[in-house]
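Please read the sequence and the structure shown here together. The paragraphs that follow go through confidence, a sheet with its helices, and a helix pair.

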Amino acid sequence: MSGVSFVTNEAKNIIMSANAFYTLKKNLINNIGSNKTKGFLFRFGKEFGTEAAKKYLENNNANNQLGKRHSRLGHVKDVIFHGEIVRHSDGTVECINTWGQWVESFEAELHLKNYGLSDECVCHMLCGFASGALSYEFGESIIAIEYKCVAKGDPYCEFKVRLEKDWLEEQEELIHLYQNDNILSELEMTYDALLHHKQILEKISTLQSQLTQKVTEKYSLDEIIQTAYELLNIPILIEDIHGNQLCQMGFTDLQQRIIEKNDAELSHIDNQHNVCHYKNDHYWKLSTPVLINNKNYATCSFFYFDQNHAADIDYLFLERISSIVALCILYEEVQFEEQQRMRSSLLERLIHHQNIKDIETYYKFLPFKFQPPYTTGLINIRMKKKNHEIIDLHDQIMQLSKLAKEWDLPCIFSIHGEEIALLISQNNDKQRWKKKIELMLQKLNKQNNNYLYTTGLSGTFNNFKEFERSLKEARIAQRFPNKKLLTYYEDLGILGDIVNNLSIDQLQEMAKKTLKDLYDFDNPRKKELLYTLYVFLLNNQRLKETMDELALSIGGIQYRIKQIENQLQISLKNASTAAHILLIIQTLILSGVLNFNEFSN
């Protein structure tokens, strides 16, 4: 089939090659979609069918020339038509058992040649042609619908003909698609869609350009998000990965209270656009992560109130804002890390006794007031569940530095071995300072619930010559096994003084005399008995509490206590003996000679 003819309203034939028709159809699908293309081709064919009917009725005054018209114009080789269309005396029209076949439909052949087998009928232009011609001839809206097609593997292209009103119940959706609009309106709609698309692109470009310029000019995050809100008029919230608010813009006081009191539940995840949809009874939320080096640093969200919902393209704006927020965070992180490195170096000088004399001069350049009395601290971090993960102490310091800034704590941090050392200026308000440090550590613990933190704080000092002593006090307090997040050296009383003033050799000699055969920490059985003794004494020799903590029966506890008394050749009923043994075990723990970590996990 080399070409097909179409009839203009001047009753002239226009020859269009099959390839040209294929190009038209292909471009339509690419620009308005395959579904709208069906309606376009139907209405395209209907216009030509109407003009063809006019020509033949005016010139030949003939009825039922549908098949000849199709074949003469090159649409098909032949048309087989069954049934009849009758106009009654009252003017009504009836389609009586009307159906037919198109033999060698050019639409079906084109589709098979260029696309292969279809899963639906494809002869929409032919349906339109037949519908237009018959509707013009009988003065009633008559629709031809194909229900078998060679393009989808059927032996013939078969169609049925009915009045439009008779199709509505069975084919309402397809009839609506076919009759939706005329060709010109379809093109206008396409133009409007393209124009809308162009406006969206311009808006995205404007947003990207203005926000990027703000970043390069070192505007604050609040100022940048304010610009985004003014362009989009959508409330925006930026939170870090711990749920702390970094920035919010566009919310009323009422809306903020609604968000605080009502958490939204995840509705669905759009992996294609990397956004999550949340909803509750009061608002909708659209969120996307803020990624830096494929690591999630924060969350950027749009909020919709008063029955408003996210538009289909809002994720594009959210994506741009997320990228800009990533740049802001990256810039702030670089600045913050640089400041932290300087502060850490000052503390490292104290730890390693380097140029201590002039160190106070450098503390004057810190961004907060740093003056005596000081307190030294040590933070030990362990995984709650043993695994091969390495704890990133640098990341922990960054978190601590931000929390210290949040709580207005004049504090510097440094890595000391496998722990974090800190130096805090109390500024003479001890109770207020204690409350702040406790809140800071509680929040750190909450942010990292897979870690175990134990912190020890030294007594106060005024001269950096006393720093070494304070660091030792912090370590003693940190090792005290009271299962608390924070321990003050001053709360240890005489126990702290004993450990601080006796050498390791003196402590070990005293412990060997007291613990006798149990002073063999490499023997698992003896260490287990020693741990049982320690827990028993901590619980004031109460069997039930000891049983609960060790998950043993009362009989098992009693048996172990009897073994312990036999090995130590003492009676634990003697209060002074029991107190002395407990003191010895605790001094060993505080000095680092002994630990029961394997029993506490």
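What pLDDT does the protein chain average, and what share of the residues score at least 70? The model is predicted; the protein chain averages a pLDDT of 84, and 92% of the residues score at least 70. Among the elements of the chain, the mean pLDDT is lowest in strand 1 (residues 3–7), at 55, and highest in strand 6 (residues 157–163), at 93. Where pLDDT is low, the predicted coordinates should not be read in detail.

Five strands form an open sheet with mixed pairing, in the order 14-15-13-16-17. Strand 14 (411–416) and strand 17 (486–488) are its edge strands, each pairing on one side only. Ignoring direction, neighbouring strands of this sheet are turned against each other by 20° on average. Helix 10 (residues 314–351) packs on the sheet and touches strand 14 and strand 15 (419–425), its direction making about 65° with that of strand 14. Helix 14 (residues 467–479) lies across strands 13, 14, 15, 16 and 17, and runs at about 140° to strand 16. Within the sheet, strand 13 (residues 374–383) and strand 16 (residues 451–461) run antiparallel and are joined by 9 bridges. Ile-381 stands opposite Tyr-453 in strand 16.

Now the helix pair. The axes of helix 16 (residues 504–515) and helix 20 (residues 575–590) come within 10 Å and cross at roughly 140°; the two helices are therefore oblique to each other. The crossing is left-handed. Helix 16 contributes Leu-507, Met-510, Ala-511, Thr-514 and Leu-515 to the contact, and helix 20 contributes His-580, Ile-581, Ile-584, Ile-585, Thr-587 and Leu-588. Of these contact residues, 8 are nonpolar, 3 are polar and none is charged.

Terms used
Residues are numbered from 1 along each chain as its sequence is written. This is a predicted model: local features need pLDDT of at least 70, side-chain atom pairs count only at pLDDT 80 or more; totals for chains, interfaces and linings use all residues. Side-chain values use heavy atoms; hydrogens and water are left out. Axes are lines fitted to C-alpha atoms, for helices over the stretch in contact, and angles run from 0 to 180 degrees between N-to-C directions. Helices (H or I, at least four residues) and strands (E, at least two) are DSSP runs, numbered from the N terminus. Angles under 35 degrees count as roughly parallel, over 145 as roughly antiparallel, 65 to 115 as roughly perpendicular and the rest as oblique. A crossing is left-handed if the near helix is turned anticlockwise from the far one by less than a right angle, and right-handed if clockwise. Contact means heavy atoms within 4.5 Å. Ala, Val, Leu, Ile, Met, Phe, Trp, Tyr, Cys and Pro count as nonpolar, Asp, Glu, Lys and Arg as charged, and the others, Gly among them, as polar. pLDDT is the predictor's confidence in each residue, from 0 to 100. Two strands pair if DSSP finds at least two bridges between them.
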